[in-house]
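Keep the view open as you read.

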Amino acid sequence: GYLAEDNGIDTIFVLASEVYPVIRRSIAIDKTKFHEFNLPNDAGPDWGWVITNLWDNNFGEPGYHTPGRDLPLSFTLDMGEQYELSRLKVWQRLSGLYNYGNPKRFEVWGSNNPSSDGSWGSWTKLADFMTRKPSGLPVGSVSDEDRKVAEQGDDYTFPNEIQPFRYLRFRVLETWGGTNYVHILEITPFRKE
């Protein structure tokens with residue numbers, strides 16, 4: 001048997017010693033190494049809500065806000081090093097939970113050598129994500145459970161076997177309010193240890 005985590009209380013038993021799974025912890029990436037990385041066709045900032053607000057560890061306003069443009073909208077960041085990603089947390093704007101420009105459907109792409117012209121050929125799609133509203137209430141209505149979940153950040157898991165990447169590119173396909181702009185308060189990518 002083995003413990004799934006160092007501080008775990010449950011022992012997991014296997015049929016033979018060769019069956020022990022490889023268990024890797026998920027650790028928040030050091031966001032002090034992040035840098036702005038602008039590509040020609042990225043959305044850019046608006047309302048003074050700049051992209052560096054996405055990794056300032058301030059989970060309140062201001063965050064990042066794009067100008068109004070046709071979807072999909074993209075924005076890019078440089079994590080400073082290559083990481084094998086495990087998961088991602090995204091904090092939506094709390095003053096408009098599950099509404100307005102908060103992302104509903106988005107993609108995350110990775111690259112180690114992005115083309116300076118902003119084309120997508122040097123990028124690998126890592127995952128498609130959809131934000132789920134716990135209550136299932138219509139847009140404009142939120143429950144206490146919705147608020148509690150959103151305050152903790154929406155959690156997304158990357159596929160198990162993806163290569164390490166340094167640059168992340170987000171491509172928002174749909175917002176909760178059907179807007180032509182996007183706003184997010186904070187993001188935290190996690191890496192495998």
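Start with an open sheet of five strands, in the order β4-β6-β11-β8-β9, with antiparallel pairing. Remember that the model is predicted. Look at the two edges of the sheet: β4 and β9 (124–130) stand there. Each has a single partner strand, so one side of each is left without a neighbour in the sheet.

What holds strands together in a sheet? Strands pair through backbone hydrogen bonds, and they may run parallel or antiparallel. Now find strand β6 (residues 73–83) and strand β11 (residues 165–175). They run antiparallel, and seven bridges join them.

Next, turn to strand β12 (residues 183–192). Nine of its 10 residues are buried, so β12 is largely enclosed by the rest of the structure. Which strands pair with β12? Among them is strand β3 (residues 26–28), which pairs with β12 in the antiparallel sense over three bridges. Here Ser26 has Lys192 of β12 as its bridge partner. Strand β5 also pairs with β12 in the antiparallel sense, over two bridges. Tyr64 stands opposite Ile184 in β12. Then comes β7, joined to β12 by seven bridges, again in the antiparallel sense. Gln92 stands opposite Ile184 in β12.

Stay with Gln92, which is found in strand β7. Is Gln92 buried or exposed? Its relative accessible area is 3%, so Gln92 counts as buried. The side chain of Gln92 has polar partners. A polar contact of 3.2 Å joins the side chain of Gln92 to that of Asn102. Another polar contact, also of 3.2 Å, joins the side chains of Gln92 and Asp154. Leaving aside neighbours within four places in sequence, the residues in contact with Gln92 include Leu97, Tyr98, Thr131, Ala150 and Leu185.

Now for the rings. A pair of aromatic rings is described by two things: the distance of the centres and the angle of the planes. The structure holds 11 aromatic pairs. Take Phe59 and Trp91: their rings are 4.5 Å apart, centre to centre, with 65 degrees between the planes. This pair is edge-to-face, because planes over 60 degrees apart count that way. The pair links distant parts of the chain, 32 residues apart. Phe59 is in the loop between β4 (35–36) and β5 (64–65), while Trp91 is in strand β7 (residues 85–92). Phe59 counts as partly exposed, at 34% relative accessibility. Trp91 is buried, with a relative accessible area of 9%.

A second pair is formed by Phe106 and Tyr156. Their ring centres are 5.1 Å apart and their planes stand at 85 degrees, so this pair is edge-to-face. It also links distant parts of the chain: Phe106 is in strand β8 (residues 103–111) and Tyr156 is in strand β10 (residues 154–157), 50 residues apart. Phe106 is buried, at 3% relative accessibility. Tyr156 is buried too, with a relative accessible area of 6%. Ring pairs link Phe106 and Tyr156 with Phe129 and Phe158 into a cluster.

Finish with charges over rings. Arg87 lies over the face of Phe190, 3.7 Å from the ring centre. The charged end of Arg171 sits over the ring of Trp120, at 5.6 Å from its centre.

Terms used. Residues are numbered from 1 along each chain as its sequence is written. This is a predicted model: local features need pLDDT of at least 70, side-chain atom pairs count only at pLDDT 80 or more; totals for chains, interfaces and linings use all residues. Side-chain values use heavy atoms; hydrogens and water are left out. Rings of Phe, Tyr and Trp (its six-membered ring) pair if their centres lie within 6.5 Å; planes under 30 degrees apart count as stacked, over 60 as edge-to-face and the rest as tilted. Helices (H or I, at least four residues) and strands (E, at least two) are DSSP runs, numbered from the N terminus. Buried means under 20% relative accessible area, exposed over 50%, partly exposed in between (1.4 Å probe, protein chains only). A charge sits over a ring if NZ of Lys or CZ of Arg is within 6 Å of the ring centre and within 35 degrees of the ring normal. Two strands pair if DSSP finds at least two bridges between them. A polar contact is a pair of N or O atoms within 3.5 Å; within protein, one must be able to donate a hydrogen and the other to accept it, and residues adjacent in sequence count only if both atoms are side-chain atoms. Contact means heavy atoms within 4.5 Å.
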